[in-house]
Each structure stands twice: as C-alpha cells, then as structure tokens.
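Please look over the structure below before reading the notes that follow. They take up strands, a helix and a core in turn.

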Amino acid sequence: EPLMTINFDGIEPEFIPAFDESEDQKPATPEQPPTRRAFRRKASSWAGTIQLKTGASVRGKVVNVSEGGLLFTSSQSINRNEKILVVFSAFYRGDLSKHSAIGIVRHCSFSGEAYNIGIEFVSVTPSSLVFIKKYTDH
C-alpha cells in the first residue's frame, strides 16, 4: 500500500516549520503523574493520518480528543516519544472540517485488533484548537 502524502493546504504557514525543527523540545513532565486529567476527553470516530519525521504515514482513527491530545487507533505501531504530525477530518453538527497538530507519542499499546496510540499535543493550529474546545465542551 503506497504511503499517503500529507496535504499541508489549510495549515497555517507558521505552523509547518515546527515539525521540521532538528531539535526536539520535549514538554516538561512532572515527576509524579497527575491523579486526574487536565482536560476533558470526548469520544470521536474520525479518519486521520499521522506523519512521521521520516515522511512515512500511518492511517487510522481518532477515537477520543481533548485540548491536550488525542487517542489514535491504527494497525501500525509508533514508537514512544516520536514527534509526529497528526491530521484528521472531523464531521460535527453537519460540518466537515480538517484539523492538524504536532504532538509527541506518549504511549502505544496493542489492544485486540489495533494499536492505541496516545498523543500529547505540542502545537495545535489555532482553528483546530477552537474546534476542539467547542467539541469537548458540548
């Protein structure tokens, strides 16, 4: 199966270079994991693609989303701490919209028939952040 190329149309121009930075800035993580989540998660079922720094693409589905990140399921695994670009199309209240974010893979585990890939957002396009806030608040 040929790898899909991400179409960067619609992604704010200042957003794209962050993906190509040679120096990976890992977000600071507390020594003690928080006992509760910082953001409310909401279930979803949206087709998406993760692009790796190598240019390879992983197709899958966004199964839940929050302002802080998302859970992606795929038949392929992705290494922990990998910096990725995730692009997904969301159908909500009669509107189809395309969203994108740069993130870090925080966990990847096999469950039944697919890999569950937890992604923490590092940078989200402004329009996508507005959408995610609206979606998770309703």
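Helices (H or I, at least four residues) and strands (E, at least two) are DSSP runs, numbered from the N terminus, and the expected span of a helix is 1.5 Å times one less than its number of residues. This is a predicted model, in which local features need pLDDT of at least 70 and side-chain atom pairs count only at pLDDT 80 or more, while totals for chains, interfaces and linings use all residues. Residues are numbered from 1 along each chain as its sequence is written, and side-chain values use heavy atoms, with hydrogens and water left out.

**Strands and hairpins**

- Strand β1 (residues 42–51) and strand β2 (residues 57–66) run antiparallel and are joined by 8 bridges, where two strands pair if DSSP finds at least two bridges between them.
- Gln 51 stands opposite Ser 57 in β2, and in the hairpin of β1 and β2, which has 5 residues between the strands, Gly 55 takes a positive phi near 100°.
- Strand β3 (residues 69–74) runs antiparallel to β2, with 5 bridges joining the two; the hairpin between them passes through 2 residues, and Ser 66 stands opposite Gly 69 in β3.

**Helix α2**

- Helix α2 (residues 126–137) has 12 residues and reaches 17 Å from its first C-alpha to its last, which is close to the 16 Å expected at 1.5 Å a residue.
- Its buried residues are Ser 128, Phe 131, Ile 132, Tyr 135 and Thr 136, where buried means under 20% relative accessible area, exposed over 50%, and partly exposed in between (1.4 Å probe, protein chains only).
- Seen down the axis of α2, these buried residues fall within an arc of 120°, so they line one face of the helix; the arc is that of the directions from the helix axis to the C-beta atoms.
- The buried residues of α2 pack against β1, β2, β4 (83–92), β5 (95–111) and β6 (114–124), with contact meaning heavy atoms within 4.5 Å.

**The nonpolar core**

- The largest nonpolar core has 23 residues, and those with the most contacts inside it are Ile 50, Leu 70 and Phe 72; such a core is a set of buried Ala, Val, Leu, Ile, Met, Phe, Trp, Tyr and Cys residues joined through side-chain atoms within 4.5 Å.
- At least two residues of this core come from each of β1, β2, β3, β4, β5, β6 and α2, and β4 gives the most, with 5 residues.
- Not counting residues up to four places away in sequence, Leu 70 touches several residues, among them Val 62, Val 86, Phe 88, Ile 119 and Phe 121.
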